[in-house]
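Subject: Structure handover

Hello,

Here is the structure for you to look through. My notes on what was found follow below it.

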Amino acid sequence: MEDVQLPSLKTRDARECLARWGLAGLRVGRFRYEFQGDVDGRNAAAFVAGLLDTLGVRAWLNAEAPADAAVEATRLATTATSMALFDPLVECAEIALPTGGARQCPEVRLGGVAVDDELRKWLLVTAGFGADDDDVDPVECAAAAVPRDELLARLFSLLAVGGAMSQPDYALAPYLDLAKALYRDVATVYRRASDGEVAIATKAFAVAGPAAFARNGAHPHDACLLLVEPKKRSATLLHSDGGGGAW
C-alpha cells in the first residue's frame, strides 16, 4: 500500500481548493492485489471485504481497527461519461442561481454540520442526514435526476460538502471542475468493441464501517471510495476521515 498523488490534486488551484474546503487531509492510496473474487456479482461485498483484509490496507485505512472489523460496501455506478450528469442540478432554480452560484438559505444543522446554502443542504438531506432539531425536507426539483450512487456524483458531493473546517465556495464551478479532473484520474475509460461506445472499466464502491473509520456512526465529513481495476489487479482508495462515520 502506497500513498500516491493524483495529477488533478497536485495543481496549485486544487491544493488551494482542498485547503479551503477542509479537505487538505484527503488521502489517496494505491495497492496491487492477488485476491480472487467476483467484483461484479452478488458477492461483490465479500470481494471488497477480502480485498481490504490485509494488514497494510487495514492499517492505512484505520490503524485502530481490529482484524475482524466490519466492512460495508455499496456498489457505485460508473456510467457517466460527461458532466451532463449535473445539468439537472445546474438548471434547478431552487438550488442554483442563474449566475452559477448556490442559492443561500437560513442556516440549518444537518448531521452536526452548519449549512447555509441550498446545494449542501440538498446533498446532505438526500444522503440521509436529517436536521439536528427538526425534519428538513429535500428541495423538490429537477436535481433529483442526478443519481447519488454514481461515482462522479459522489466525488462532487465529497468536494462540495467538504471537511470539518470547510469554507465553502458558493459558486458551483470549482466543485464541478475538480470533480471532473478527479474522475479522469480514477476512472479508466475504454471504447467497447461491440458498439464503439465509450465505457468505464473501473469498478467503484463506497466503503463504510469500523474498518474504514476510527469512530462508528455516519458523519457528513467522512468518505472512503474504493476504485478497482480488475484487469490490472490494482485498487485505489480515496479516504477522508473528518468526523466519525462514512459519507
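A polar contact is a pair of N or O atoms within 3.5 Å; within protein, one must be able to donate a hydrogen and the other to accept it, and residues adjacent in sequence count only if both atoms are side-chain atoms. The side chains of Thr-236 and Arg-30 are joined by such a contact, at 2.9 Å.

This is a predicted model, in which local features need pLDDT of at least 70 and side-chain atom pairs count only at pLDDT 80 or more, while totals for chains, interfaces and linings use all residues. Residues are numbered from 1 along each chain as its sequence is written, and side-chain values use heavy atoms, with hydrogens and water left out.

The sheet. Helices (H or I, at least four residues) and strands (E, at least two) are DSSP runs, numbered from the N terminus. Two strands pair if DSSP finds at least two bridges between them. Six strands form an open sheet with antiparallel pairing, in the order β1-β2-β10-β9-β8-β3. β1 (2–3) and β3 (72–76) stand at the edges with a single partner strand each, so one side of each has no neighbour in the sheet. Six bridges link strand β2 (residues 27–32) to strand β10 (residues 234–240). Gly-29 has Leu-237 in β10 as its bridge partner.

Thr-236 also lies in strand β10. Is Thr-236 buried or exposed? Thr-236 is buried, with a relative accessible area of 9%; buried means under 20%, exposed over 50% and partly exposed in between (1.4 Å probe, protein chains only).

Helix α8. The 14 residues of helix α8 (residues 173–186) should span 20 Å at 1.5 Å a residue, and the end C-alpha atoms are 20 Å apart, which agrees. The expected span is 1.5 Å times one less than the number of residues. Among the buried residues of α8 are Tyr-175, Leu-178 and Leu-182.

Aromatic rings. Rings of Phe, Tyr and Trp (its six-membered ring) pair if their centres lie within 6.5 Å; planes under 30 degrees apart count as stacked, over 60 as edge-to-face and the rest as tilted. The structure holds four aromatic pairs. The Trp-21 and Tyr-175 rings have centres 4.5 Å apart and planes at 40°, so the pair is tilted. Trp-21 lies in the loop between α2 (12–20) and β2, and Tyr-175 in helix α8, so the pair ties together parts 154 residues apart in sequence. Both residues, Trp-21 and Tyr-175, are buried. Tyr-33 and Phe-47 form an edge-to-face pair, 6.0 Å centre to centre with 80° between the planes.

Regards
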